[in-house]
Amino acid sequence: MKRFRLSLMGLTLLLSVSGYAQTAITSTDTLAAQVMMGNFNPTAYAATTVIDDPAIISAGVQALVSSDSLHAYLDVLRSFQTRNTGSDTMSADRGIGAARRWVFSKFQQFSAENDNRLISSYLQFDQLICGMERHRNVFAVLPGADTSDKSVTIIEAHMDSRCAGLCDTGCIAEGMEDNGSGTALVLELARVMSRYTYKRTLVFVTTTSEEQGLNGATAFAKYADDNNIKIRGVLNNDVIGGVTCGHTSSPPSCPGFKDIDSTQVRLFSYGGFNSFHKGLCRYIKLEYKEMIRPTATVPMDITIMTAEDRTGRGGDHIPFRQKGFTAMRFTAANESGDANVSSGTYADRQHTSSDSLGIDTDMDGTLDEYYVDFNYLARNTVINANAAAMMAVGPRTPDFTLTSSLGNLNITLITETGYPAYRVGVRTTTNDWDTVYTVTGGPDFSIPVDNGNHIVSVASVDANGIESLFSKELQANVNGIDEVLAKKEQQPLQLMQNKPNPADEATMISVLVNGQVAYKRAYVSIKDMSGKEVKRMDISLNMGMNEIVYEHGYNATGQFVYTLVVDGAAVASKTMVFAN
Ligand SMILES: [Zn+2]
């Protein structure tokens, strides 16, 4: 991952390694491009044996994703010594050129094994990065069986690697955790998922030049936007195979040096209330929890993070989100380092030559202690596969209206009213749902809930029992009998309880605006319990929900008070807790 928050010197350095202009973005295979745009005849790509039952696909990917396959891909990836964006493109066995040709050849191999249904291509673009003009992402397209909504689901990872020097093409940069792990995951999914038939098109992507500024993903997102490719969602995988904490790690992260966590994965995404990115994270978790976890040998915990990425860091999901596409990032719970290689005291593996597959402790010539946990990587691969498959086979998302009455949320569907069932996700204090209700009939549903503010979204469920992606979110206050009788006048400004609370490192502070507010300046002031202001953040007061993310930093605990101040007057205060 690239570090954001660059010093002025860092910024100058970054500008000198990559010019901003990207030109001549093109798919080297026209067919691959046309399929992504939805211009194709699905019967031309039909499998000899069609397997499209979601339960069979889910069980199939769980059984077929192999830690040995993942290990084998990583062994080949490290043999290229470096995958720096500016490294050799001519050599047959060293550098980014050899690596991307090998990834391309694997996609072709998996296609040959599956009725030639997978179309491999490069997404080529021109941009001056590390002294090199032309760059290539590698991708493969698995055409869907139904072109009615033309949407595509992308599973991606950056394949480029680095050591301390951003453009050092001479150093050994095997980049195993960052991001051989994600590259292997994408390859394994192309292999396993190509056996099955999905309604919608799947695209497997490995990008270049993430490390110099998310350049490969930026080119892909721009290409999709320019060509009206309807991206349903992007699952970005970056640093997804390691399980051990380094000395440093970008917050929120590791509990401490050498801590091991092989049963948790973090999902990062942008936004809070009504964020489709967070909605996608909740969907990924729900599909795993209900379809895979009950029968998993080692069940995984999925944590939906508040921030778009670790503090000061970024990844390939961001350019897609910036172009308006729904996108999120998978990252291991524990990381070896915060990549601050210039600090002088940096002793971790990330962004150094030490980001290798492991060590040979007894010096017998073979690795015997691994930095990548292949079983952990396989479990994360299955989570991706199951979510992407359900996104590609599921029904259409409904729209709805929401009101409240005494003790109830009242939902009315306004589109997609013909499905056999619906799921209603209700959340209150965290990034995740408290409860996901299953309802039938409709289009009107009432759900009894406790008093308080509830945030609601809705999904369709088809005859196979598979959910669509969830709708937009709406919020409603459910009041008890006293409040209803008192007919309390609605406040024009409501300072909401922060989410999540308690928080680990970052939290979302929201103000609900119920009517037009005239103001010059509004901000949220955060004070510790001694009354000392630790932060002041401006907030807009537009109709509806207005949000700001407060990053408190890791390893600082305690209680704080936040106050909404409008034109110098304190409007309301609430207490929040940081627990890590
Ligand atoms: Zn990375």
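Tutor: Let's start with a rule: two residues are in contact if their C-beta atoms, placed from the backbone, lie within 7 Å. This is a predicted model, where local features need pLDDT of at least 70, side-chain atom pairs count only at pLDDT 80 or more, and totals for chains, interfaces and linings use all residues. Residues are numbered from 1 along each chain as its sequence is written.

Student: Which residues of α8 and α10 meet by that rule?

Tutor: Tyr283, Ile284, Glu287, Tyr288 and Met291 of α8 meet Ile383, Asn386, Ala387 and Met390 of α10. Helices here are DSSP runs (H or I, at least four residues), strands are runs of E (at least two), and both are numbered from the N terminus.

Student: Why is α8 called roughly perpendicular to α10?

Tutor: Helix α8 (residues 276-291) and helix α10 (residues 374-393) cross at roughly 105 degrees, and their axes come within 9 Å. Angles of 65 to 115 degrees count as roughly perpendicular (under 35 is roughly parallel, over 145 roughly antiparallel, the rest oblique), so α8 is roughly perpendicular to α10.

Student: And what makes α4 oblique to α6?

Tutor: Helix α4 (residues 67-79) and helix α6 (residues 176-193) pack at about 125 degrees, with axes 9 Å apart. That angle makes α4 oblique to α6. The crossing of these two helices is right-handed. Among the residues making the contact are Tyr73 and Leu77 of α4, and Ala184 and Leu187 of α6.

Student: How many residues of domain 1 and domain 3 are in contact?

Tutor: Nine residues of domain 1 touch 15 residues of domain 3. The domain assignment gives domain 1 (8-393), domain 2 (400-486) and domain 3 (493-578), and the C-alpha centres of domain 1 and domain 3 lie 35 Å apart.

Conventions: Axes are lines fitted to C-alpha atoms, for helices over the stretch in contact, and angles run from 0 to 180 degrees between N-to-C directions. A crossing is left-handed if the near helix is turned anticlockwise from the far one by less than a right angle, and right-handed if clockwise. Domain bounds come from an automatic or database domain assignment.
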